[in-house]
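The sequence and model come first.

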Amino acid sequence: MGSSEFVRAAPRVEGIVSAVGYRTAGRPPALHRGLPSPYLTVIFSLDGPIASGGTPAQATGTDAVRTDIVVGGLHQSPAYIAQAEHQAGIQLAVHPLAARTLLGLPAAALTGQLVTGGTDVFGARAAEVRERLCELDRWEDRFALLSGYLRRRAATDHAATGRAGSVRPEVAEAWAWLARHRGAGTLGGLSRHVALSERRLTALFRAETGLSPKQAARLMRFQHARAAVVRAVAAGGPPDLARVAADTGYYDHSHLVRDFQQYTETSPTRWLAEECRNIQAGARGGGEEWET
């Protein structure tokens, strides 16, 4: 049957939404769907390179993207991850408006490809940090090391290096407004709130995050719906999709299923069947979407 270990740590760095350590052993190779979410994904592998792709064939083929440190931007279709028999790592969910501070670039810069190699974003120092993480035995020490590294990056004056700059206040407030409305607000209401035209707001928002406000809102709404479904399964009961749809701002059950099919490329039932073992083992909730 194999073993699975998932360890959660309270985020210690501003802009980190969740931090999860994982280790699995003795499980047959499988293909995992990393679902779209309103957060960026950063993974430091503590084992071999992570193989991923935009399709199952790519993730399991010779043209898979293989990297020891994964940085994933906001996306609207699954990222497929080839799971090896043994794997371990630390996975972070990063708020997209913290990308300038923590990664040295806006989240929109990551939308050109599904996965970016970590050293291409963080620099060579990240590879040294990963090697040190692999040498440590305790999750607590690993989280402390990685948090310290990220805090030092956050303290760097990115503006002075010309790598970053600041997020426009209208964009920051727009994201916060969408989050408060759990992705259910309208573009008209949002544009009035930030005192920008819908066209201007969309242009600024996309330039920062890589998504339009409507796309971000849909991801937020789906995130809440998916989390509700996962909680139901983790509690040992079947999810009531009609109730979840009503509670999370969908028009009806069919509307939720359509979003599930877009973001997972499968049905809710099949996705739950694939992920049931991970959910029951503790890889659930939060912002992390590439749970391994």
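**Sheet, helices and pocket**

Helix α5 (residues 139–155) lies across β1, β2, β4 and β9 and runs at about 140° to β2. The model is predicted, so local features need pLDDT of at least 70 and side-chain atom pairs pLDDT 80 or more, while totals for chains, interfaces and linings use all residues. Residues are numbered from 1 along each chain as its sequence is written, and side-chain values use heavy atoms, without hydrogens and water.

**Sheet**
- The open sheet has 6 strands in the order β1-β2-β9-β4-β7-β10, with antiparallel pairing (at least two DSSP bridges between two strands).
- β1 (3–9) and β10 (116–117) are at the edges with a single partner strand each, so one side of each has no neighbour in the sheet.
- Strands β2 (residues 16–25) and β9 (residues 87–94) are joined by 8 bridges in the antiparallel sense.
- Gly21 has Ile90 in β9 as its bridge partner.

**Helix packing**
- Helix α4 (residues 125–135) also packs on the sheet, touching β4 (40–45), β7 (69–72) and β9 (contact means heavy atoms within 4.5 Å).
- The direction of α4 makes about 55° with that of β4 (angles run from 0 to 180 degrees between N-to-C directions, with axes fitted to C-alpha atoms, for helices over the stretch in contact).

- The largest pocket holds about 250 Å³ of space (an open set of points on a 1 Å grid over the protein atoms alone where a 1.4 Å probe fits, with protein on both sides within 12 Å along at least five of seven lines; lining residues have an atom within 4 Å of a point).
- Its lining has 15 residues, and Gly183, Ala184, Gly185, Ala217 and Arg221 are the closest to the centre.
- α10 supplies the largest share of this lining, 5 residues.

Key. Points joined across faces, edges and corners; volume = space filled by probe spheres on them. Helix = DSSP H or I, 4+ residues; strand = E, 2+ residues; numbered from the N terminus.
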